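Subject: Structure for you to look over

Dear colleague,

I am handing over the structure below, and I would be grateful if you could read it alongside the notes that follow.

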Amino acid sequence: MASLTDNSTTKSPSTLRYIQYDPSREIEYLTAMRQLISKDLSEPYSIYVYRYFLYQWGDLCFLAMDSNDKLVGVVVSKLEPHRGGPLRGYIAMLAVREEYRGQGIATRLVRMAIDKMIERNADEVALETEVVNTAAMKLYERLGFLRSKRLHRYYLNGNSAYRLVLYLKEGVGSIGANYDYPVPIPGAPPQTTTPQIPAGGSVV
Ligand SMILES: CC(C)(COP(=O)(O)OP(=O)(O)OC[C@H]1O[C@@H](n2cnc3c(N)ncnc32)[C@H](O)[C@@H]1OP(=O)(O)O)[C@@H](O)C(=O)NCCC(=O)NCCS
């Protein structure tokens, strides 16, 4: 698949700076990210969840900063083989400050993450989002994500989710991956029928 950032129709404001996460600025960035993401979370992620993603896949985390160097948007993701099969990217967290929404910022951040995954030879990208999250559904489906499964009462707040998958290579979708497989997080309580990581999708 061609680079997703080549699309010139983006509405993203030009005064913003889009940068890759820089581990040498962990304290500053992590504090700002947690503040931004926790505003929209039904349950806040622990610092260990952030570190799980950022320590291993900091290059798949992108930030949008305003002219005062204030964080206005963030995407956190990872990339690893899925059950010995396809190399799967996973969008774990995505949030844009309320007053900046509807300007294409999240679209641009997600595209940057996907482009990086493509660079690293990803086969597909997956995520979950609440079925009622219209903005997220619209954004992801516009980027080509397909609904792979409806997950009944997936989140701890009782809401259901869609698992969305973007296939990056011809034929990879037919490998037979089982999308019921929950994402393990070190230090998280044991998995029950409800996955404990409300990856991205509980951010509403
Ligand atoms: C989802 C979210 C990240 C989108 O950020 P954003 O920067 O506004 O996204 P974009 O501007 O790139 O695109 C959003 C799309 O949704 C549409 N949209 C936004 N709000 C909407 C709403 N309430 N109803 C329907 N569509 C909506 C926009 O029109 C746009 O689609 P378009 O380009 O076809 O017009 C942002 O709303 C947010 O931070 N929400 C809280 C956290 C969250 O839900 N994260 C996603 C978890 S999977």
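Helices (H or I, at least four residues) and strands (E, at least two) are taken here as DSSP runs and are numbered from the N terminus. Please keep in mind that this is a predicted model, in which local features need pLDDT of at least 70 and side-chain atom pairs count only at pLDDT 80 or more, while totals for chains, interfaces and linings use all residues. Residues are numbered from 1 along each chain as its sequence is written.

The pLDDT (the predictor's confidence in each residue, from 0 to 100) has a mean of 83 over the protein chain, with 76% of the residues at 70 or more. Over residues 174-204, however, the pLDDT is below 50, although this stretch has 68 contacts in the model beyond near neighbours in sequence; two residues are in contact if their C-beta atoms, placed from the backbone, lie within 7 Å.

The protein chain has four helices and eight strands, which follow the pattern β-α-α-β-β-β-α-β-α-β-β-β along the sequence. Of its 204 residues, 39% count as buried, a residue being buried if 20 or more other C-beta atoms lie within 10 Å of its own, exposed if 12 or fewer, and partly exposed in between, with C-beta atoms placed from the backbone.

The ligand is surrounded by 23 residues, of which the closest are Arg 101, Ala 106, Thr 107, Thr 129 and Ala 135; a residue is near a molecule if its C-beta atom, placed from the backbone, lies within 6 Å of it. The elements that give two or more residues to this shell are strand 4 (87-96), helix 3 (105-119), helix 4 (134-142) and strand 8 (200-201), and the largest share, six residues, comes from helix 4.

Helix 3 has 15 residues and reaches 21 Å from its first C-alpha to its last, close to the 21 Å expected at 1.5 Å a residue, where the expected span is 1.5 Å times one less than the number of residues. Helix 3 is mostly covered, with 12 of its 15 residues buried, including Ile 105, Leu 109 and Met 112. Its buried residues pack against strand 1 (17-20), strand 2 (62-65), strand 3 (71-81), strand 4, strand 5 (124-130) and helix 4. After helix 3 comes Asn 121, whose phi is positive, near 70°.

Strand 7 (residues 161-167) is largely enclosed by the rest of the structure, because six of its seven residues are buried. It runs antiparallel to strand 5, to which seven bridges join it, and Leu 127 has Leu 164 of strand 7 as its bridge partner. Strand 7 also pairs with strand 6 (residues 146-151) in the antiparallel sense over five bridges, where two strands pair if DSSP finds at least two bridges between them; Arg 150 stands opposite Tyr 162 in strand 7.

Lastly, two loop residues may be worth a look. Asp 69, in the loop between strand 2 and strand 3, is not a glycine, yet its phi is positive, about 65°; Asp 69 counts as exposed because it has 10 C-beta neighbours inside 10 Å. Arg 83, in the loop between strand 3 and strand 4, has a positive phi near 50°, and Arg 83 is exposed, with 11 other C-beta atoms within 10 Å.

With best wishes
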